[in-house]
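Here's a quick tour of a couple of packing details worth a look. Have the viewer open and follow along.

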Amino acid sequence: AAVAAPMSHWVRSSRSADTVARDGAEAVAEALRPPGRVASLILPADASWNATDSGSAPLPPTPPPHPVGDGAVAAAAAALSGGEPAMLLLGGHVSKVRLEAAGAIAAKLGVRLACETFCSRLAHGAGVPTVERIPYFPERVAEALAGLKQIVLVGCEPPVSFFAYPGLASELAPPDCRMTALASAEHDVDDALARLARQLGAIDQAPARNRHEIPDRPRGELGPLAIAQSLAALMPADAIVVDEGICGAAAVFPVTATAAAHEWLIPTGGSIGWGLPAAAGAAIACPERKVICLEGDGSAMYTIQALWTMAREKLDVTTIIFANRGYQILQIEFQRVGAATMGPTAQSQMSLADPELNFVALAESMGVRAARASSAEEFHGELEQALRVSGPRLIEVVMPAGLQNSEVSAL
């Protein structure tokens, strides 16, 4: 219980076999409590193996999300309609329903619509209301928020730096910018946005939408832009993109705004190795949808065994490994905290080149069909084939060595 508690909203140890069914039902109910929680149930050995006559247990009712008060709606309406430069900032699960309401409000009042860098789920692609995604590095965030006088928070906290950097502020909004919370993640965000739209007379307002535009087939050098163009051209409708590509995949998101409508799953914490298990989970939850996993080579090594699960369960996941042979984001952060030079020991700790990893061999050893691409033409052909069939596939993308300007600028 002590180990589970820091990572859980609810923890229980079953006291006997007679309580396991009831405890399990309560754990499920707690996990479903809005906006989604972590429930940890611990089964001592005797509770697991002893006989019981308790039978099954019904699932307790899950409480609905809390509605926001009328005062919060009125305050948000006043902040957005006061004539000052304003932004509506969304976080958490940024669904198409929420973007429709927020996009209508933004279009009605001429304010900016944005989402957090690391929102958990995000509707994206053609026909979806257009939304800015806050950048990653604090200098770029500060530039993006410069001049704003009002930010209305919807399911998120005020924007802060992901890491603390020497000489840089952690709070990134302008000092004279006022924060107004419409709803937290625990609130009924859909209802709050709908009520705000009604109060502002924006119910029938058409939001700005992403256009549908298929890019040309890329040719030549294989880099982030070529990968993004292939994905935008070949993305099936209603796909799920799991994004843990870190530096390599940063350029993909803006280009795929014109692809067929789809959804992104984005890591919200600082750990790595989340992507492959998340892709497996998405494929189990939505077997009718194609899952595309954008994964860095360093991150993949933490949970590479998820490929075996994909093969065993025949999950429809296409994994793209961005093989730049190093922990590029860590190299960037190393420099940004003031370590101007990197000695040979530090360099070796952030390198994946000695020995060089072979993700094609790793994938095939676990039952996943795999290929390597080193040109734009090769990648496009492999992706086209992988998306045409069902089942797990992996494409190892050989990226240029070292930090690329396009990768850094995309963050």
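## Strand 13 and its neighbours

Keep in mind that the model is a predicted one. The pair belongs to a parallel arrangement, with six bridges joining strand 12 (residues 291-296) to strand 13.

Strand 13 also pairs with strand 15 (residues 393-398), again in the parallel sense and over six bridges. Here Phe322 has Val397 of strand 15 as its bridge partner.

## Which way the side chains go

In a regular strand, side chains alternate between the two faces of the sheet. For strand 13, Val317, Thr319, Ile321 and Ala323 point one way, while Thr318, Ile320 and Phe322 point the other way.

So is strand 13 mostly covered or mostly open? Mostly covered: seven of the seven residues in 317-323 are buried.

## Helix 4 against helix 6

Two packed helices are described by the angle between their axes and the distance between those axes. For helix 4 (residues 96-109) and helix 6 (residues 189-199), the angle is about 25 degrees and the axes are 9 Å apart. That angle makes helix 4 roughly parallel to helix 6, and the crossing is left-handed.

Who makes the contact? Helix 4 brings Val97, Arg98, Ala101, Ala102 and Ile105, and helix 6 brings Val189, Asp190, Leu193, Leu196 and Ala197. By type, the contact residues split into eight nonpolar, two charged and no polar.

Conventions. Residues are numbered from 1 along each chain as its sequence is written. This is a predicted model: local features need pLDDT of at least 70, side-chain atom pairs count only at pLDDT 80 or more; totals for chains, interfaces and linings use all residues. Side-chain values use heavy atoms; hydrogens and water are left out. Axes are lines fitted to C-alpha atoms, for helices over the stretch in contact, and angles run from 0 to 180 degrees between N-to-C directions. Helices (H or I, at least four residues) and strands (E, at least two) are DSSP runs, numbered from the N terminus. Angles under 35 degrees count as roughly parallel, over 145 as roughly antiparallel, 65 to 115 as roughly perpendicular and the rest as oblique. A crossing is left-handed if the near helix is turned anticlockwise from the far one by less than a right angle, and right-handed if clockwise. Contact means heavy atoms within 4.5 Å. Ala, Val, Leu, Ile, Met, Phe, Trp, Tyr, Cys and Pro count as nonpolar, Asp, Glu, Lys and Arg as charged, and the others, Gly among them, as polar. Buried means under 20% relative accessible area, exposed over 50%, partly exposed in between (1.4 Å probe, protein chains only). Two strands pair if DSSP finds at least two bridges between them.
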